[in-house]
Amino acid sequence: MTEIFDDQLILSYFKDFHDKEKADSIFAELCTYPFKPVKLNIYGRQHIPARLCCAFGDEDGLTYSFSGTSIAAQPWTPMLQQIKSEVEALTHEKYNYVLLNKYPTGDAKISAHRDDESSLDPSYCIPTLSYGATRVMHFTRENYMTHILSLEHGSLLVMKPPTNVIWKHGIPSQPEVKTIRISLTFRKLISPQVKRSSDEMDFGYYDDITPKPYMNKRTFLHKKSRLEDNEILEIPQDDWLSRHYQSSRNYDEVINYWSLERMCRLSIVVSRNNNVRIHIQNSAEKNNFNCGSSLEGVSMTPATWYDFMKKLSNFNFKYSEASFIANNQLAVFCTNAQCVLQRIFKSSCGGFRLVADCFELESYQTDKLLDLYSEVTQTIQTALFQNVLPDEIRKRRSKCQQLEHLTSEQCMQKVNNIIYEEYLTSLNEVFICEGCAVDHPSQRRHPCIMETTREKAMNYTDKAMLSMNFKRLAQKLTHLNDFLRGTIIGRLECGRTQLEVSDELGIAQSVISRLWQRFQEDGNVSRRYSTGRPRVTTPNEDRYLAVTAKRNRRSTASDLSRQLSSATGTTISRQTVYRRLGQIGLYARRPVRYVPLTATHCRLRLAWSREHALWTPQQWASVMFSDESKFSLQSDFRRTFIWRAPGTRYHQKNIIERHRYGGAGALVWGGTTLGSRTDLHVQIGTMTSQIYRDVILEQHVRLFRDAMGAQFVFMDDNARPDRANIVCE
């Protein structure tokens, strides 16, 4: 048996589940089964793949639906019933459906997909048996390495949750394969009458940022607690969670944990890929619960922990209702002296939505969290610096200490200097200027201009430390200096091999190979600095541009460039202005136009609305509403742009009043009632009161008035032609 583990990828592969003789007999009988082509609906288009399908199940007519098609199950055959029993004995689970796929040639394939249909029970494994030709299966996930597995004749692959809903898996085409392959995929289908609701789904099957099959609800759902005050949650031995926990104990390490009373605790966990996370969870066992994953709770990054605690301490939720979002990862709803934590899922196409599961904290537990803030934050920082920095970097520092003849204090000082530079970079990234946030006109209200680095560090040290880019820091620590480069070249010229030098210095052989190749080409081993073109503006000048653009949002890029040049002497192009403002979220957009209403207009409209609020449809049927649209051919080309951030289109400061359109143009008039409408009338030129009376009223409105009688009501606007004396008469 071969086991494959990655982040939420759990596979068990049995190469010789059936010996060759038995596999051949099974394959011969499977070839006689009634396979049929299926018609799939993919992105609104009908598609018939090259593979053929059929299905068998416990109940005659049990249906499995996917990609716009449904395949009904036929009764079990004796051979499939025997194979099902063997698989169930291995996985300790009961299945009621098997889908058979037949691949006639290597051109037949199945595209990468997730098995996240609502009819599947997500807590069950998905076993797949392969017979016939050997094909490969790919497991892919964004920002992760692709796993490729060969499925041989008579083999069994078991995908354990949550692999099937997180990792995409598929069988690509292989034109070189000319023979048939048949696969059997066992599943546990949930019949419609026993489908579980989102409140009843187990929490621990999925990661905190992973979508679930039922995550189509945007409402905030309260998860019913499955634990009483003194009840201990028991994990069945045949549950996949217990097996997953046993395998994950070797990878995840609990650095420290604190009790929050009532079987609830906060843990700091370092995973096998050196990611530090904070878990707030229910304890399944008080003294023996050292696994990294939570059965019921929430998980967050260090930056989210900082944001969550700071916002939680800013209001007293015991006597009021409030809600906030921490670092775009955690939604917090405080009401009735309870603090409900709900995770946020970020979809691949952009936007956010709430995960159905949530976790509740009582008031005394949140008080305990606030009391432990300093201690937990210090422990997180220690875990970050001791575990996030890779082991090879620490080994390289010790090698450099020996080669550069540095004392341990000097070597540590050198590392601390690099860390301090990265800390200053992180401090500027997490710093928030309150003056820029509210667009304050006074320069003294902008801390980004007035405050020093020391003053910023007093309020943002914790956030900067918890948000440091350790990947960028690792790159700085692994740069080879000129002395070490010369040492490598010298040893290679003395006859040492690249592998020997790599073992002696603790440096990757590929780095030594590239350095030696470059030395042979141009005889130079010094590091090439390719930082690109230096920035023309300083951070203070960038902030000056932002403040100036927010003060006068109608300023053009040329105007901002001239103002910066006169204030600081720095000359920049219009394109540079666009880039600098785009970095802070300001873009040139057309403003929204609206017709201004006076207080009298608002009062009269409100009175009319209240007077007619209880009208029946029969009364409204005798009312005609009319309006006209003017298409100007000369004025108001809307070429004026303003600087605004996304999502602020209808803010008052981004709207321009416009209610007159002069010059030549065309006017289009129309009227409508509850059950009919008039013909559109196009008027070229200016609409006068004479034209309005003779054309609009006489030729269009009079016909409806005569048909409806005395109950007819005509509604128009307050345009000047509509209110002329000859019209009113």
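Guide: In helix α2, the buried residues are Met-79, Leu-80, Ile-83, Lys-84, Val-87, Glu-88 and Thr-91. They cover an arc of only 165 degrees around the axis, which puts them on the same side of α2. The arc is that of the directions from the helix axis to the C-beta atoms. Buried stands for under 20% relative accessible area, exposed for over 50%, and partly exposed for anything in between, with a 1.4 Å probe and protein chains only. Pro-78 and Ala-89, on the other side of α2, are exposed.

This is a predicted model, in which local features need pLDDT of at least 70 and side-chain atom pairs count only at pLDDT 80 or more, while totals for chains, interfaces and linings use all residues. Residues are numbered from 1 along each chain as its sequence is written, and side-chain values use heavy atoms, with hydrogens and water left out.

The names of the elements follow DSSP runs, numbered from the N terminus: helices are H or I with at least four residues, strands are E with at least two. Helix α2 takes in residues 78-91, 14 residues, which at 1.5 Å a residue should span 20 Å; its end C-alpha atoms are 20 Å apart, which agrees. The expected span is 1.5 Å times one less than the number of residues in the helix. After α2 comes His-92, with a positive phi near 60 degrees.

In α1, Ala-23, Ile-26, Phe-27 and Leu-30 are buried. Seen down the axis of α1, its buried residues fall within an arc of 100 degrees, so they line one face of the helix.

The loop between α1 (20-30) and β3 (36-37) holds Cys-31. Cys-31 is partly exposed, its relative accessible area being 29%. Contact means heavy atoms within 4.5 Å. Neighbours within four places in sequence aside, Cys-31 is in contact with Lys-102 and Ile-182. From Cys-31 to Arg-181 there are 150 residues in sequence, but 9.6 Å in space, C-alpha to C-alpha.

Now the sheets. Two strands pair if DSSP finds at least two bridges between them. Two bridges join β11 to strand β16 (residues 168-171) in the antiparallel sense, and His-113 has His-169 in β16 as its bridge partner.

Another open sheet of four strands runs in the order β18-β19-β20-β21, again with antiparallel pairing. Its edge strands, β18 (253-259) and β21 (297-300), each pair on one side only. Within this sheet, seven bridges link strand β19 (residues 264-270) and strand β20 (residues 276-282), which pair in the antiparallel sense. Leu-266 has Ile-280 in β20 as its bridge partner.

Those two residues lead to the interior. A nonpolar core is a set of buried Ala, Val, Leu, Ile, Met, Phe, Trp, Tyr and Cys residues joined through side-chain atoms within 4.5 Å. The largest such core has 51 residues, and Leu-266, Ile-280, Trp-305, Phe-308, Leu-341, Leu-369 and Ile-380 touch the most other members. Helix α9 (residues 408-430) gives the most to this core, with six residues. Setting aside neighbours within four places in sequence, Phe-308 is in contact with residues including Ile-280, Phe-324, Ala-326, Val-332 and Leu-341. A second, separate core of 25 residues includes Phe-14, Phe-56, Leu-129 and Tyr-131.

Strand β22 (residues 322-326) runs antiparallel to strand β23 (residues 330-335), with five bridges joining them. The two form a hairpin with three residues between them, and Asn-327 in the turn has a positive phi of about 55 degrees.

For the protein as a whole, the secondary structure comes to 23 helices and 33 strands. Of its 729 residues, 43% count as buried.
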